[in-house]
Amino acid sequence: GYTGLGVTVAVIDTGISCHMDLFSPVNRLVCFKDFVNGRDKYYDDNGHGTFVCGVLCGNGLCSGGKYSGMAPDCRIIALKALNSKGVAATSDILDAVEWVIDNKNKYNIKVVNMSFGSDPLGRDDPLSKAAEALWRNGITVVASAGNSGSEYNTIKSPGINPYIITVGASNHHNSTEVNKHSVAAFSSRGSNENYIFKPDCVAPGVDIISIGMDKCYTSMSGTSVSAPVVSGLAALIIQRFPHIPPDTVKAIIKNYCERLCGDVYAEGSGEIRFV
């Protein structure tokens, strides 16, 4: 019975486009900020951000409810920090993070979704430190693990940060049976070599259907679409427990995962459970 009602999720991505599943019957976009081109009117010149928002909180109106997202009543803040090619300057990401911290109380921001990543730059990696700053400000941060599998030690930043929730991708093989699921081959892996005990969990990330810019729906694969599944789940948990801290949100999600392969560097605690 939880739908994310009353919870605000900030999505740092390529922006957001006008789509029935996000703007009707209620417009759930409460704020748009453009760190790339400085425009005032919301837009998405790539499509990635719109797709991610659909996985997170599309209400499925265009499909009669068939393709609804995880938290179809949550509010959205779209922060455009990735350009038309899906590439971001680190400075734009950091500006977006700073904006979230400055405005978290004004908009009641509880979750930040980061469906992007770059090669980590060691202990002082700026994206990792920025994600941790959000976490320490009481905001649950969910990041994609990366699509550089199936080798180990391929987790991207900010997903390398030990505090935030890092999500890899699972493949359902056209089956709803748990034993027919597996970790997607492209999903990045952690390693004990550099003490990157990631990802924290995996979520569906192969041939996922969500909203498109020029048509009602399209499909995409990648850990970028796995992350908003978990962001939506976090929104549901926060709706049930409004004052829950990020560490507890993470513990709940990890505690109720199903093991797929037993390799913690590939799946973390396993695939998130929906029931």
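Which residue caps the N-terminal end of helix 4? I began my look at this predicted model with that point, and I found that aspartate 125 does so, with a side-chain oxygen placed 3.0 Å from the backbone nitrogen of leucine 127.

I then followed helix 4, which runs over residues 126-136, and noted that Leu127, Ser128, Ala130, Ala131, Glu132, Leu134 and Trp135 are buried in it. I looked up what these buried residues pack against, and the list holds helix 3 (90-107), strand 4 (109-114), strand 5 (140-144), strand 6 (165-171) and helix 6 (246-255). Just after helix 4, I recorded that glycine 138 has a positive phi of about 85 degrees.

Next I turned to the second largest pocket, for which I have a volume of about 500 Å³. I count 19 lining residues, and the closest to the pocket centre are Gly122, Arg123, Ile160, Pro162 and Ile196. Helix 4 supplies the largest share of this lining, 5 residues, while the lining as a whole divides into 8 nonpolar, 4 polar and 7 charged residues.

Last, I checked the largest nonpolar core, where I found 71 residues, with Ile12, Met114 and Ile253 having the most contacts inside it. Helix 5 (residues 223-240) gives the most to this core, namely 10 residues. I also listed the contacts of methionine 114, leaving aside its neighbours within four places in sequence, and these include Ala131 and Leu134, both of which I had already noted as buried in helix 4. Also among the contacts of methionine 114 are Ile12, Val97, Val141, Val142 and Pro158.

Definitions and conventions. Residues are numbered from 1 along each chain as its sequence is written. This is a predicted model: local features need pLDDT of at least 70, side-chain atom pairs count only at pLDDT 80 or more; totals for chains, interfaces and linings use all residues. Side-chain values use heavy atoms; hydrogens and water are left out. On a 1 Å grid over the protein atoms alone, a cavity is a set of points where a 1.4 Å probe fits but cannot get out, and a pocket is an open set with protein on both sides within 12 Å along at least five of seven lines; lining residues have an atom within 4 Å of a point. Grid points are joined across faces, edges and corners, and a volume is the space filled by probe spheres set on the points. Helices (H or I, at least four residues) and strands (E, at least two) are DSSP runs, numbered from the N terminus. Ala, Val, Leu, Ile, Met, Phe, Trp, Tyr, Cys and Pro count as nonpolar, Asp, Glu, Lys and Arg as charged, and the others, Gly among them, as polar. Buried means under 20% relative accessible area, exposed over 50%, partly exposed in between (1.4 Å probe, protein chains only). Contact means heavy atoms within 4.5 Å. A polar contact is a pair of N or O atoms within 3.5 Å; within protein, one must be able to donate a hydrogen and the other to accept it, and residues adjacent in sequence count only if both atoms are side-chain atoms. A nonpolar core is a set of buried Ala, Val, Leu, Ile, Met, Phe, Trp, Tyr and Cys residues joined through side-chain atoms within 4.5 Å.
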